[in-house]
Amino acid sequence: MNNLMRAVAIRPPGLQPESLYINRREIPSIKENECLVKVVYSAINRADIMQRKGLYPAPAGESDILGLEAVGFVTRTKSSNWQKDARVMALVAGGGNAEYVAVNEKNLIKVPDWMSLRNAAAITEVWLTAFQLLFWISSVTKEEQWRKPVQESTFLVHAGASGVGTSLIQLLKKVLNVKNVFATCGSELKKKYLEESLGISRAFNYKLEEDFNEKIMNLTESRGVDVVFDCVGASFWQKNADCLAVDGEWIFYGAMGGVKIEGDFFSKILRKRIHLKASTLKTRSIDYKHALMKDFETRVLSQFNAFNLQVLIDKEFDLEQIAEAHKYMESNANIGKIIIKVTDLKEKQDL
């Protein structure tokens, strides 16, 4: 029996997408309460680019293979909760960009019968991240006596056309019925899509509208936004502080614009009593991810069609095109998710 699989590998130092190639690795063995998933689709995320460059290593004890998610079939199981051939979505800390991945039973979700594996590939990481940020990290959705209804709150989503951005916007507009959502993006095409297709109040092409913070203050009658979802970091910090409302929330989950800042950061935070919260998903515990996945499954996935939510796939690459996929993500051209086809369904064979 062939015990080797195709998997993405990195030629150090990994600074360029061309450092990625396909290697032969041993198919992972599984421990108690784990399943071996035959991967049909995977995907790429910004965290993969950071890991490739040596900036965001895999957590200790996890696979060094890139890929935080996988969709496919259970092919071996040491779990009483999952049967062989079950169609599953997997959330992993590494290993998703390969033909097989070992997954703890708690970090699997059944792919709904009505959803294709291809569409499921655009769900796991971005939708769970968006759900976590909005419902678990932000307090704006909590029912508290002094807090106004979430529908009346105002939001700013950076990188609005990204996978996480489009998921956040859909959760805000279609699940929570929020009226006022603003977003930043990097092209006029994305701006048009966000306003016309996703129905946000206003999108700002930050390359042409560097004063988006001032425009937001004008649009909110100098009040500012209640929540900023920030995956940019240093390059936008002053604009975030300027357009946040008093007692606003700053949800920080990425640093595409750098991490080093200069200026009166703390005085602005104090002056407006801004609540700064930071979060990642990759390094969370198995039990945390399990609870998050179950909550998402109950509150969103089970009602995906009822909420009229859309799976947004921008482009599909084959596993052998992983370098091109990274290059495409780094070009910031995508609207929605970039997925990776690993295996043709006709090739799904038993081990």
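**Close-up 1. Strand β3 pairs with strand β15 in a predicted model.** β3 and β15 (residues 337–341) run antiparallel and share three bridges. Ser42 faces Ile340 of β15 across the pairing. Strands count as paired if DSSP finds at least two bridges between them. Strands are DSSP runs of E with at least two residues, helices are runs of H or I with at least four, and both are numbered from the N terminus. Residue numbers start from 1 along each chain as its sequence is written, and side-chain values use heavy atoms, without hydrogens or water. Local features need pLDDT of at least 70 in this predicted model, side-chain atom pairs count only at pLDDT 80 or more, and totals for chains, interfaces and linings use all residues.

**Close-up 2. Strand β3 pairs with strands β4 and β6.** Seven antiparallel bridges link β3 to β4 (residues 69–77). Cys35 has Thr77 of β4 as its bridge partner. Five bridges join β3 to β6 (residues 100–104), again antiparallel. Here Val37 stands opposite Val101.

**Close-up 3. Strand β3 is mostly covered.** The strand spans residues 34–43, and ten of its ten residues are buried (under 20% relative accessible area, with a 1.4 Å probe and protein chains only).

**Close-up 4. Helices α3 and α9 cross at roughly 90°.** The axes of α3 (residues 124–137) and α9 (residues 286–299) come within 10 Å; axes are lines fitted to C-alpha atoms over the stretch in contact, and angles run from 0 to 180 degrees between N-to-C directions. The two helices are therefore roughly perpendicular (65 to 115 degrees). Contact residues (heavy atoms within 4.5 Å) include Trp127 and Phe131 of α3 and Tyr288 and Arg299 of α9.

Methods: Angles under 35 degrees count as roughly parallel, over 145 as roughly antiparallel, 65 to 115 as roughly perpendicular and the rest as oblique. Buried means under 20% relative accessible area, exposed over 50%, partly exposed in between (1.4 Å probe, protein chains only).
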